[in-house]
Amino acid sequence: MAEMGYEHLLIDRAGAVVTITLNRPDRMNAFNWRMGLEIRHAIYHADADDEVRAIVVTGAGNAFCAGQDLSSGTAAFRGGDTEDKEERKRITEALTIRGGPQYWEMNTPIIAAINGAAVGAGLTIPMQWDIRVVAEDAKLGYVFNRRGVLPELNAMLLTPQMAGAPRALELLMTGRIFSGREAVEWGLANYALPAGQVLAKAQEIAQDIAVNAAPVSVALVKRLVYENLAVSTNLSALQKRNHELFGWVIRQPDAQEGPAAFIQKREPAWKLKKNADFPKEPFETAGRG
């Protein structure tokens with residue numbers, strides 16, 4: 001595995017298992033631009049190492065990940081958490097993986113040890129991974145709509161596949177909080193345990209795979225499962241379209257109003273109208289033009 005000095009991650013390797021810890025406990029491990037790059041970089045290099053047989057990702061402190069860091073207020077979704085643009089450009093160049101595989105195209109099992117709260121991107125990212133162990137009382141939520149943006153990272157495909165369309169529509173549209181116990185009940189996670197047992201269980205699963213399961217067989221199973229999930233949908237194309245629409249929505253006023261209302265602890269006053277302001281071009285072929 002490539003050596004890299006990460007600012008917001010801790011990397012621990014025990015034999016064939018790599019454990020990655022999101023390490024911003026003072027911010028509930030909320031994402032900023034650098035952490036997002038570091039996570040993909042670290043997982044990519046662990047996957048590229050033939051001696052790494054399983055990857056576990058967890059959070060430092062009492063949370064897994066509180067989603068996007070909203071401390072910069074109305075600029076939160078547009079890179080407002082950095083001051084030095086040249087430094088950001090340099091680090092981005094160093095950490096960006098161009099042309100690398102998506103998580104579902106990797107050959108290494110990725111196990112999320114969701115030890116506490118996981119909302120927004122803190123939930124949609126581990127939903128792209130393979131096995132999820134969650135704290136039974138963890139607060140989970142696809143809170144994007146409550147921040148004036150859009151669920152990303154194939155959430156609109158993966159959540160219905162796992163939980164069924166009725167439940168997925170409720171969770172994705174309302175953005176309400178649900179528990180780790182409910183996540184297991186609805187098929188979104190594998191195990192719900194007391195928070196203190198989550199990491200150990202995830203590492204136990206990882207070690208079992210590393211010792212007892214043939215690496216190529218595991219890789220083929222992973223690839224075929226995701227290929228079958230996408231039998232009528234190209235996962236990468238869907239994620240690209242989702243990302244493009246996310247890029248559109250974060251430039252709209254509601255993406256500023258959502259974080260502002262959250263920080264000010266008030267009800268949001270949304271600006272956009274669902275018909276007049278709907279981005280018609282991507283949906284014209286579906287009769288929305």
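The largest nonpolar core of this predicted model has 68 residues, and those that touch the most other members are Ile-39, Ile-43, Val-57, Trp-129, Leu-140, Tyr-142 and Phe-178. Helix H1 (residues 33-48) gives the most to this core, with seven residues. A nonpolar core here is a set of buried Ala, Val, Leu, Ile, Met, Phe, Trp, Tyr and Cys residues joined through side-chain atoms within 4.5 Å. Buried means under 20% relative accessible area, exposed means over 50%, and partly exposed lies in between (1.4 Å probe, protein chains only). In soluble globular proteins, nonpolar side chains tend to be buried together.

Residues are numbered from 1 along each chain as its sequence is written. Because the model is predicted, local features need pLDDT of at least 70 and side-chain atom pairs count only at pLDDT 80 or more, while totals for chains, interfaces and linings use all residues, and side-chain values use heavy atoms, with hydrogens and water left out.

Tyr-142 touches, among others, Leu-123, Met-127, Leu-171, Phe-178 and Leu-188, leaving aside residues up to four places away in sequence; contact means heavy atoms within 4.5 Å.

Next comes strand S7, residues 131-135, where five of five residues are buried. Ile-131, Val-133 and Ala-135 point one way from S7, while Arg-132 and Val-134 point the other way. Helices (H or I, at least four residues) and strands (E, at least two) are DSSP runs, numbered from the N terminus. Two strands pair if DSSP finds at least two bridges between them. S7 pairs in the parallel sense with strand S5 (residues 110-114) over four bridges, and with strand S10 (residues 191-193), also in the parallel sense, over three bridges. Val-134 of S7 is the bridge partner of Ile-114, and Ala-192 in S10 is the bridge partner of Val-134.

Strand S2 (residues 17-22) holds Thr-19. Thr-19 counts as buried because its relative accessibility is 6%. Its side chain makes a polar contact of 3.0 Å with that of Gln-203. A polar contact is a pair of N or O atoms within 3.5 Å; within protein, one must be able to donate a hydrogen and the other to accept it, and residues adjacent in sequence count only if both atoms are side-chain atoms.

Met-28, in the loop between S2 and H1, has a positive phi near 55°, and is partly exposed at 41% relative accessible area. Lys-265, in the segment after helix H10 (254-264), also has a positive phi near 55°, and is exposed at 77%.
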